[in-house]
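Trainee: Please pick one part of this model and take me through its packing in detail.

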Amino acid sequence: MRSRRLLAAGGIVALTVLLAWLLFVELPRRAGTHAPPAAATPAALAPAAAGSPAATGRRIMARLFYVANDGLSLVPVGREVPFGETTAEQARALITAQLAPVQPPLVSAIPAGTTLKALYVTDKGDAYVDLSPEVAKNHPGGTTAELLTVYTIVDAVTVNLPAITGVQILVDGQEVDTLAGHVDLRRPLQKNLTFVEAPAPPPAPGKP
Amino acid sequence: MLTASGRQTLLSTVVRGREMFALDDLAPLFQLTVHEDTLGAITVSYKNRTIVLTPNQTLVSVNGRLLSLSAPPTREGRRWLVPVDFVSRALAPVYDARIELRTDSRLLIIGNLRVPRVAVREEPAAGGVRLTIDVRPRTPEAIKQEGEQLLITFEADALDPSWAALPPTGLLQGLTVIEPATLALDLGPQFASFHTSTQAIGATAGRITLDLLAKGATGTPPAPAPAPPVPTPFPRATPPAPAVPSVPSAPASPLPFPAVAPAVRTIVIDPGHGGTDTGVKGPHGTLEKNITLAVARQLKAMIESRLGLRVLLTRNGDQTLSADDRAALANNNKADLFLSLHANASFRSSVQGAEIFYLGLDQEAAQAAQAAEAGAAKMPVFGGGTRVLEILPWQVAQARFVQESATFASMIERQFQGHVPLDGRGPTQAPLRVLVGANMPAVLVEMGYLSNPTQEDQLGTAAFQQTIVQALYAAIVQFRNYVAQQPGAPAAAAAAPKPKPGGGQGR
């Protein structure tokens, strides 16, 4: 009799522990929720997590942007990039992939040697992309080239991450007027597909 | 006679109804040497140039070229007399400085002096007296009251004034000129206040309408007579200002100022980059900053000589300027058009052709511009009343001129077609830093690709630069005519092509 009571008590304790684990650990993990965003204070400017997203091994298909054959516009190219746990981590992975050197026939609008120094996302949905000085120092100049550089960055983030509505480019941690004297970078820029080549029309029905 | 060093009197003699100068009087003033040879010919030398006069002959040889004077040289005692037009017809072509003879005002102007003709008319008006002052060429002026005088000071070296003798009245006792370029109105005891308005007369002259109001006057002065031709208000005259100033009998009420007549009077050309900012460097070493300056200088010269408009360059040398410096020059000089010149680069060296840009704001920036434009402040003005002033942040100044800028961009594209290669995209909107603060229609032209070796060589040639200058000049003429023909309402939007989305609208 006594042993049955002990068994029942042990079962209740085990059930309680199991319920607690389910409620506080497993369910949040499966639902993919994270800590709620902080208030719109400087503290909300959380840098991307230090841990490499690639460590998880998961990847997503993203659209990155390269110089079109006409040299006047960008062309979207589907590429796998590492999965990021948070919006900022994902933006960081996208920009890192976008800055990586490419092989011909692709041509990048990012000046050689440019690296990502930091990336922050505000509650308002603006991403601050801090690039190394090479983005300005090695830029060839010209309004068209500068527009392609700027919108490569802006569109790589905003097209793939709808939660981000604006991108401001910083250089070496500082706000800048322009990269090469033309495009106004003093405020976050919104997604702009004017400089992206329109996708080729789908083949007509009935044709292979 | 007016020179840079001041005004002096040059005596003349009338012979047989003709006004003559003595060569002996002219010689020291113009550094001339006068020599009479044995055959009777009179040789007047200036540096290594010669003018040969023959007694009793109106023909004169000026550096070997025959010209005709209004009267032959005449001997008076030991002196030779020449008609006054000797100075403008024979001496001016060989003299180093500009010589202008104004016979009607008996004025001889030596050098590049600004001496506008100022013609004053007086007429009675409701509540006082109206003075209509025509100024040719149009010259900026400042008006202020000092004690019992109203001073109209022109930005000039001297004045060439004319007015009918005005009988003194209780409002206006008389009119005098204070050297170098101030018109002084001696006010009478009845004077209470004044209103002014300015308008353009044609392309080169201006008119100041000055109403002097008597004490106790309550009437509203009638609107100034329209100057021929009267261009209709340009949409940029944003505060809806009635053309008739109100009498400041109720100082608290707003005092509307007349809108400035619409016209393109001042153009600012901005040679891109400069100084330490070289801009694009071509594969053969051509620097963008040099190409932009060369084209800007040629364009300025062409506009000034053919249209007589005021043209300012943001830089006329190899200086480093910020984008705000460039817009500030245009804004502070109340320019009517801003044209920024650049040479392009691409990540693909095969790209070529010119491209024309005007401002594109994304949705958020456009909303900020609208909010900023709503700001206005009432400021007290001299003479009583208040004036509503727009307080507009520079970073949004261009927002309200986008449609007119699009129109000008399209005109440039049309003028380039068939002359200057285009890259085929058409006028494009983009958030360009130098255009944002320009408080007038503004366009940025990339004249070609320095990153393309063939086009780099082309952009460096005088012939190609001249082709660009001609096309830009033609577009400016077209835009000037467009502005002058605008209806009163802000109709530029209707006439302008529909802008391509470029400032942030996704597609």
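Mentor: Let's start with a convention: a crossing is left-handed if the near helix is turned anticlockwise from the far one by less than a right angle, and right-handed if clockwise. This is a predicted model, where local features need pLDDT of at least 70 and side-chain atom pairs count only at pLDDT 80 or more, while totals for chains, interfaces and linings use all residues. Residues are numbered from 1 along each chain as its sequence is written, with chains lettered from A and ligands numbered from 1 in the order in which they are written.

By that convention, α3(B) and α9(B) cross right-handed. Helices here are DSSP runs (H or I, at least four residues), numbered from the N terminus. The axes of α3 (288–307) and α9 (462–484), both of chain B, come within 9 Å and cross at roughly 45°; an axis is a line fitted to C-alpha atoms over the stretch in contact, and angles run from 0 to 180 degrees between N-to-C directions. Under 35 degrees would be roughly parallel, over 145 roughly antiparallel and 65 to 115 roughly perpendicular, with the rest oblique, so this pair is oblique.

Which residues make the contact (C-beta atoms, placed from the backbone, within 7 Å)? α3(B) brings A294(B), V295(B), Q298(B), L299(B), M302(B) and I303(B), and α9(B) answers with Q465(B), Q466(B), I468(B), V469(B), L472(B), Y473(B) and I476(B). That set splits into 10 nonpolar, three polar and no charged residues. Nonpolar means Ala, Val, Leu, Ile, Met, Phe, Trp, Tyr, Cys and Pro; charged is Asp, Glu, Lys and Arg; the others, Gly among them, are polar.

For context, 36 residues of chain B are in contact with 26 of chain A. On chain B's side, that makes 13 nonpolar, 11 polar and 12 charged.

Key. Helix = DSSP H or I, 4+ residues; strand = E, 2+ residues; numbered from the N terminus. Contact = placed C-beta atoms within 7 Å.
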